[in-house]
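Open the model in your viewer and get ready to select residues. We will take a few stops, one after another.

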Amino acid sequence: MRVEEPMLDSHHCRSKTTNRMTKRQECRGTNVARILSAAETLCALCGSGKTSVCDVASYLKTSPANVYRFFPSKLAIYDELVARVLDNFPPAQPDCGRATSAEWLRAFILGLHRRVLALMRVASADLLGGRR
């Protein structure tokens, strides 16, 4: 008596492929986040002009080619950093109702400055191993 093996339907194959792509996308997202975090830390310490893709790669203990797999240039990294800062920064909510553009911009820049200072403190503490 011959037992027929069940055929794999296309839905079964598709779900494995989708699952594999999801894991690949998650891994890509993790790597992008690590690169951006390292770039943000180095920019806070050294400034954006003195931070290179090689510096970011060295900080992450990887090769520059690995960083270039996710970002085509230093400018692309900084574009994403600026977008991330703008996405995470809440708009100013003035007490008296409506703020002028100048007031909103001033509040935004002041908040951004405070965030950079806080990041610099954390980065320098990490580099010094918690010593002050």
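Contact here means heavy atoms within 4.5 Å. Keep in mind that this is a predicted model.

**Stop 1: Val 67.** Select Val 67 and look at what surrounds it. Setting aside neighbours within four places in sequence, Val 67 is in contact with Ile 35, Val 53, Ala 57, Thr 62 and Ile 77.

**Stop 2: the core.** Now widen the view. The largest nonpolar core has 16 residues. Select Ile 35, Val 56, Val 67, Phe 71, Ile 77 and Leu 81, which touch the most other members. Which elements give two or more residues to this core? They are helix 1, helix 2 and helix 4. Helix 1 supplies the largest share, 6 residues.

**Stop 3: helix 4.** Select residues 74-88. This is helix 4, with 15 residues. From its first C-alpha to its last, helix 4 reaches 21 Å, close to the 21 Å expected at 1.5 Å a residue. Colour its buried residues: Ile 77, Tyr 78, Leu 81 and Val 85. They lie on the same side of helix 4, because they cover an arc of only 95 degrees around the axis. An α-helix has 3.6 residues a turn, so residues three or four places apart point the same way. Now turn the view around. Leu 75 and Asp 87 are exposed on the other side of helix 4.

**Stop 4: Thr 51.** Move to the loop between helix 1 (10-46) and helix 2 (53-59), where Thr 51 is found. Is Thr 51 buried or exposed? Its relative accessible area is 1%, and buried means under 20%, so Thr 51 is buried. Show the residues that Thr 51 touches: Leu 42, Cys 43, Cys 46, Val 56, Lys 74 and Tyr 78, not counting residues up to four places away in sequence. Then pick out Leu 42. Its backbone oxygen lies 3.4 Å from a polar atom of the side chain of Thr 51.

**Stop 5: Lys 61.** Go on to the loop between helix 2 and helix 3 (64-68), and select Lys 61 there. Lys 61 counts as exposed, at 78% relative accessibility. Check its backbone too. Lys 61 has a positive phi of about 60 degrees, although it is not a glycine.

**Stop 6: Leu 112.** Finish in helix 5 (residues 101-127), where Leu 112 lies. Leu 112 is partly exposed, with a relative accessible area of 27%. Leu 112 and Leu 86 are 26 residues apart along the chain. Their C-alpha atoms are separated by 9.2 Å.

Key:
Residues are numbered from 1 along each chain as its sequence is written. This is a predicted model: local features need pLDDT of at least 70, side-chain atom pairs count only at pLDDT 80 or more; totals for chains, interfaces and linings use all residues. Side-chain values use heavy atoms; hydrogens and water are left out. Helices (H or I, at least four residues) and strands (E, at least two) are DSSP runs, numbered from the N terminus. Buried means under 20% relative accessible area, exposed over 50%, partly exposed in between (1.4 Å probe, protein chains only). A polar contact is a pair of N or O atoms within 3.5 Å; within protein, one must be able to donate a hydrogen and the other to accept it, and residues adjacent in sequence count only if both atoms are side-chain atoms. The expected span of a helix is 1.5 Å times one less than its number of residues. The arc is that of the directions from the helix axis to the C-beta atoms. A nonpolar core is a set of buried Ala, Val, Leu, Ile, Met, Phe, Trp, Tyr and Cys residues joined through side-chain atoms within 4.5 Å.
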